[in-house]
Amino acid sequence: HVVLKRKEDRENKNDINSPFYSNFIDILNEFTNKHNINYKEVLRIAVNFSYNNNSKSSPIHLDHDYPHKQLLIYLNKVKDLNSRTIIYNESKSKILKDIEPDQYKGICFNSLPHSTYFPTKGERFVVVYTRIIGSWVYKCISSCIIRSSYLCCIFSKKRSSSIINIF
């Protein structure tokens, strides 16, 4: 479900595609406020609904052709914990992070190739927020040592503080 169209596909600045836009902005604001993440502009909001479609996984892909950051938030408690999100290096030759879905867990990462395993039972709902390269994860970066150009911040409602993984 496309909530806010890709910036390049919009006819005007606020080409909202869903009556639930304000609900998803509320989710974004609650999540980013809780974890001290700043943002200025959201380029796209989409809800991905995954289910057993007789395919093992999605193709490895980038969501946009330009530099961007993404925040994925798992919205439901999944029945199949193997319906993971996989983040790869730029050449798609190495898995940087294999992330198990957990309700309200969020994943923030740069424009890196990724894929998902489809659930074999039940369904998985993920909201995807896209932001251009900028201040999205500055709070994460400032609280850790950068060991390479890959950064993935994982946040969970169940934990008292952020878990930061650097690739």
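1. Arginine 44 is buried, with a relative accessible area of 10%. Buried means under 20% relative accessible area, exposed over 50%, and partly exposed in between (1.4 Å probe, protein chains only). The model is predicted: local features need pLDDT of at least 70, side-chain atom pairs count only at pLDDT 80 or more, and totals for chains, interfaces and linings use all residues. Residues are numbered from 1 along each chain as its sequence is written, and side-chain values use heavy atoms, with hydrogens and water left out.

2. The side chain of arginine 44 forms a salt bridge with that of aspartate 63 (3.1 Å, N to O). Arginine 44 sits in strand β2 and aspartate 63 in the loop between β2 and β3 (68-74), so the bridge ties together parts 19 residues apart in sequence. Aspartate 63 also counts as buried, at 13% relative accessibility. A salt bridge here is a side-chain nitrogen of Lys or Arg within 4 Å of a carboxyl oxygen of Asp or Glu. Helices (H or I, at least four residues) and strands (E, at least two) are DSSP runs, numbered from the N terminus.

3. The whole structure holds four salt bridges. One of them joins glutamate 41 and lysine 7 (3.0 Å, N to O). Glutamate 41 lies in the loop between α1 and β2 (44-51), and lysine 7 in the loop between β1 and α1, so the pair ties together parts that are 34 residues apart in sequence. Glutamate 41 is partly exposed at 25%. Lysine 7 is partly exposed at 43%.

4. Lysine 5 and aspartate 15 also meet in a salt bridge (3.7 Å, N to O). Both residues lie in the loop between β1 (2-4) and α1 (21-34), 10 residues apart. Lysine 5 is partly exposed, at 25% relative accessible area. Aspartate 15 is buried, at 13%.
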